[in-house]
Amino acid sequence: MDEDAWNERPPPPEMPSRRLVYPQKVPLQSISVAVAIKGFVADVVSELHYKNEEKIPLEVEFIFPLDADAAVYTFEGLMGETKIEAQIMEKEQAQALYEDRLAVLEASVLFVRDPKSRDIFKCMLGNLPPSGEATLKLCYVQALAPGPDGAVRFVLPVVLNPRYALQGSEESSFVQDIPRVPERELSYKLSLSATLHSPYGISHVKSNCTLTPLQYATEDHTTAQISLTEGYCLNRDVELLIYYKEVIRKPSLLLEVGKPGADPGSLMGDPMLLLTLYPSPPAPKPGLNATGEFLFLMDCSGSMSYSTRSNSEATTRIQSAKETLIFLLKSLPLGCYFNIYAFGSSYYSFYRKSVKYTQQTMLESLRGVLDLQANLGGTEILQPLKAIYSQPCREGYARQVFVFTDGEVSNVDEVIAEVQSHSKSHRCFSFGIGEGTSSYFIGGIAEASGGRAEFIRSKEQMQAKALRSLKCSLQPEVKHIKLEWHLPPALKAVLLGSSTQAIFAGERYLMYAQICGQQQTSDLPEGSVVLQYSMQGQTFTEKMDFRLEAEENDRFPVHRLAAQAVLKELEETRSTAKQQLVLETSLSSGVLCAQTAYVVVNMEQGEPLQAPVEFREIPYPNSSVWADILQSDKCCYEYKCEPSRCKSILLRALEFSSKLYFSASTLFASSTRGWRSYSTTGEFLNAENAVFDHASLPTNESLLLRLVSLQNADGSWSLDANLLSILGLSEAEILGKMPTQVVQTAWTTVLVVLWLHVHFAEHSDIWQLLEAKAVVWLHESTGPKLAECVKAGNTFLGCDVSAEVFGL
């Protein structure tokens, strides 16, 4: 591209302002987090400790993330020796009160949620005098979900990534202007301690961070404590996986008494019930031909070029996603349709419309996956989603959309609304890749469509989680979900929050119910609830019996969670008529929402300050993305760096765009590997008779990935040099042990399945669908000879894999 073309280029989006002017002494001194995890509920107290070491009074702003489903219910603390009592009120009123106090130089505090995102919050501390100290305490509660292995997962969000702002949008998110500094320059530290309690006993705890040894507080190991070790780096979210001695996969009930003084019949005044069920709809037999349309959206924005972890040497987000997509493509059932979309500031699809899954289309697509790069600019997912929704659904082929992204999106509400408007035509399975992924965005698009969300902080997690979601997508949609309560005559259960949750086999189904009425006797009454749902024309019911034994808890976590569920459902309706109900529910429960804020309304009056305050923003540590942008010669178009710094990147991006959209005759840069071109509509065209080159896989790929890449679409493996090198066997050895009257490919496939069980048994959740396809193909291809092949294969490889693996 010549200089004239450069000068005529479309201007890049305007850079977010970087307000990096702040003193070396940051007012925030430390963040202390205390977590109490009881069963599947986490009650969290986070304390922010401030000290003004300057000679002028300050107004301090701190912006930080929380989980989107967390119910914030208390905000309090101390300013010097004065107790702070914050009250929840309508947001505009709270902001006006805060500004009034700030104007007259009196102490003031404001806590509010980002209007653009449910998982970002801002704390304003006004008029902190010289040498003054303050401790602000934030309390919230959240429900925790057990993983496939039974581990209860708690995450403390720490990383706060920037959000890509659309060109021309009036961005008002809290995130855009946060100052960023190297972590070594931060003056504040994070500490976390967790108290764990379960009647089933606590076995052990895993974490992505270094923990102190687990300390049991009781002899029966039902209570324990654990903490972060000193020296924790603020460059990763804190993830705790708590393993109980018994994997809990059975229904449970928690009944909490109402809040004293609250009106009977109100949300906070009545007892509140938290019911957990594990429905078991019959799952389809894996490996059988299944009809479905599988659409994969791959984020190829600039930020996907960075590591999945804080370690810059770790695998990049785009590389991990590409490897996972290879596993998914290989695991798709015969008879389905599929397509792949790459998106950033622009997007394209591999095919004009979804194509049938065959050996040829699979190989074509695998080549295209290897060519994907993180070079498409910013994270703009709305247009590719609209392109998908504009395509008519195939009758009889349920549409399943898989989204792989780092989630750095600014127009979250608009995207969720678009997914919601098409929720009856598809399910969305979303994957948030890397640290600091927005739980609001990733969880929102999945929940809006009856799918499921996964958060992936390492390459090791991605493949297993993606395959788990693929298994869920193969399950037929569960419909007509309803509950039937059986309680004593004087009591009634009122279901709160959304009753349209998705049901997947073996996964948790969570409900909140308000118990209305007056108990007539002192004896504990008994009750039951029946969950009913239909799938593929069949109706299923599951019943749970319980005793209404209420527990006391002065923080009322179940009531707060129920209020959060109600608020979430009301806010998602976006109905003007229900906004007053949103406000009333938030004010009565104390749970923060978009319309409310916490503000100091009752504080002992001190002497007004004698000087005007100066504004200070609490800086955030650089994520791996920002560290590269601000501290090195690297540059990322997505984050809108100065054109003078990223001219070469923009040149490449513009050249790529021109080839992608404006010149069907121009060969793409990877054409030497077999690709012809992109059409003007963005369709990916493949050269005739192109062959997927397994040698083109990166040299550091694992044996498992290499083996998976060799599987045929029908589930079989062919005997070739690549497979021989993986198995470590010669062709003569394999053929010499092959039973008579058996097809060579069938014998090879039996050996590969056995080899997987011997060498990769611990990764069976990744290759289970691949194996199921292989077994189905073997039954069709070998018939009664399969048992002989399995026996001969065990003898040849020196193993003892059960014939049941092969359905024998």
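A salt bridge here is a side-chain nitrogen of Lys or Arg within 4 Å of a carboxyl oxygen of Asp or Glu, and by this rule the count comes to 19 salt bridges. The model on screen is predicted, so local features need pLDDT of at least 70 and side-chain atom pairs count only at pLDDT 80 or more, while totals for chains, interfaces and linings use all residues. Residues are numbered from 1 along each chain as its sequence is written, and side-chain values use heavy atoms, with hydrogens and water left out.

Select E571 and R118, which form a salt bridge with closest N and O atoms 2.9 Å apart. E571 sits in helix α9 and R118 in the loop between β6 (108-113) and β7 (120-128), 453 residues apart; helices (H or I, at least four residues) and strands (E, at least two) are DSSP runs, numbered from the N terminus. E571, at 13% relative accessibility, counts as buried, and R118 is buried at 8%, where buried means under 20% relative accessible area, exposed over 50%, and partly exposed in between (1.4 Å probe, protein chains only).

Move on to R616 and E54, whose closest N and O atoms are 3.0 Å apart in a salt bridge. R616 lies in strand β32 (residues 614-617) and E54 in the loop between β2 (41-51) and β3 (58-65), so this pair ties together parts 562 residues apart in sequence.
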